[in-house]
Amino acid sequence: MLTINAERLLGELEELARIGATADGGVSRPALGAADLQARAWFKRKVAEAGLHYAIDGAGNQSAILLSDPPSDKRILAGSHLDSVPNGGAYDGALGLLAALEALRSVKEAGIALPFTLEAVNFTDEESAIMGLLGSRAVIGELTAADFARCKLSEAELTQRLRAAGLSRASMLNARRDDVLAWVELHIEQGTRLESGGCDIGVVNAIVGIRALQVTFRGEAAHAGTMPMPQRRDALWGAAAFIRRARRHVMERHAPGVCNVGWIEARPGAYNIVPAAVELALEFRHGSDEALDRMQAELTDLLQACAAEYNLTVSWEATPPVRPAVMSEAVMRAIESGAQALGLSHQRLLSFAGHDTQNMARIAPAAMFFVPSVNGISHNPQEFTTAADCVNGGNVMLQCLLQLARAGAGV
Ligand SMILES: [Zn+2]
């Protein structure tokens, strides 16, 4: 069986980790900043050294290309991202892209002719320095001029970074592709399910949808000393009860779904005033719209029950939801049969984090798979995946791409 050059993959992971390296062993490569540009230049050099073709699109997405002979109209894409969160780890994104590059190089060196062109893609701004999942959004044709309004950089800073990368807002809006036959991404798990289960490969069956409600409990302000306790309409008591019960309810009734209250504010916000109002941000995630509908109905019932119990009123506003992305059965099977052939254990699981794969799934059969993260640590300089797991990921990627290329239109 054809396998990747493990030493080369591990060596390149180390080399790449030196670009934007932080003192505590992590990397800081926000999209299109100086370190990211350096990493991009490094990737371009690697592609040339490998004798693969290189391309960059209007969104700054870079590709290593292994052309089929004759070049196919449709292409099979794999990859991830070189950018990182500020002070992040050396594996998030990097492993997926370098594994895809290594897979292409291994096919080329083995002289295997495939009926479909393969591409290893570095997507621009996965990690939200600019807006998040930017490159893949551009590729699927859903990036609009209005999206730049939610850019996290100032106008001037965005213009400067785009210019430094040889890009523009106009080029970003013209990066749509119609030639994608399939997409596959390798990523570190960023959680502990594989590690605690002693499992090698996690095959993602869906990337969760996310819903969020901005909730307001209203009671009545009162003197914190003189108002008798039974008569208080303390908005924070209702909110606190809700937060505790929501946790238990979701764990007992909606596993593997999750919920979070990540922001809360009491008003008027003084030591000596019973809170008149509490606003909180509730977010919950699950793998299907039906599950999310049920969670939303039950959590809003719970809001009302908590309000009634503490003599409050409650209202909420939903923010625009992120819909779940269901992965392609054919691509998941290609990943699984690759793992099987390599003697690796695998299981299906949900991805609770967002990835470019959720965008790619909107235009082509797509799937992604995880290798274990030690202690589940991620977006942190301590992020680590063992050499053996990195190599396993690279080999599964190679087997999966071979199989997808041979299956072709059957994907
Ligand atoms: Zn990532």
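Is Arg323 buried or exposed?

Modeller: Happy to! Arg323 counts as exposed, at 57% relative accessibility; exposed means over 50% relative accessible area, buried under 20% and partly exposed in between, with a 1.4 Å probe and protein chains only. Before going on: this is a predicted model, in which local features need pLDDT of at least 70, side-chain atom pairs count only at pLDDT 80 or more, and totals for chains, interfaces and linings use all residues. Residues are numbered from 1 along each chain as its sequence is written, and side-chain values use heavy atoms, with hydrogens and water left out.

The partner of Arg323 is Asp289: the two form a salt bridge whose closest N and O atoms are 2.5 Å apart. That term covers a side-chain nitrogen of Lys or Arg within 4 Å of a carboxyl oxygen of Asp or Glu. Asp289 sits in helix α9 and Arg323 in the loop between β12 (313-322) and β13 (325-326), so the bridge links distant parts of the chain, 34 residues apart. Helices (H or I, at least four residues) and strands (E, at least two) are DSSP runs, numbered from the N terminus.

Glu309 and Arg245 meet through their side chains at 3.0 Å, N to O. Glu309 lies in helix α9 (residues 289-309) and Arg245 in helix α8 (residues 235-253), so this pair ties together parts that are 64 residues apart in sequence. Glu309 is partly exposed at 46%, and Arg245 is partly exposed at 27%.

Another of them joins Asp147 to Arg150, with 3.4 Å between the closest N and O atoms. Here Asp147 counts as buried at 7% relative accessibility, while Arg150 is partly exposed at 42%.

Phe123 and Trp183 have ring centres 5.2 Å apart and planes at 50°, so they are tilted. Phe123 is in the loop between β4 (117-122) and α4 (134-139) and Trp183 in strand β5 (residues 180-188), so the pair ties together parts 60 residues apart in sequence. Phe123 is buried at 1%, and Trp183 is buried at 0%.

Technical notes:
Rings of Phe, Tyr and Trp (its six-membered ring) pair if their centres lie within 6.5 Å; planes under 30 degrees apart count as stacked, over 60 as edge-to-face and the rest as tilted.
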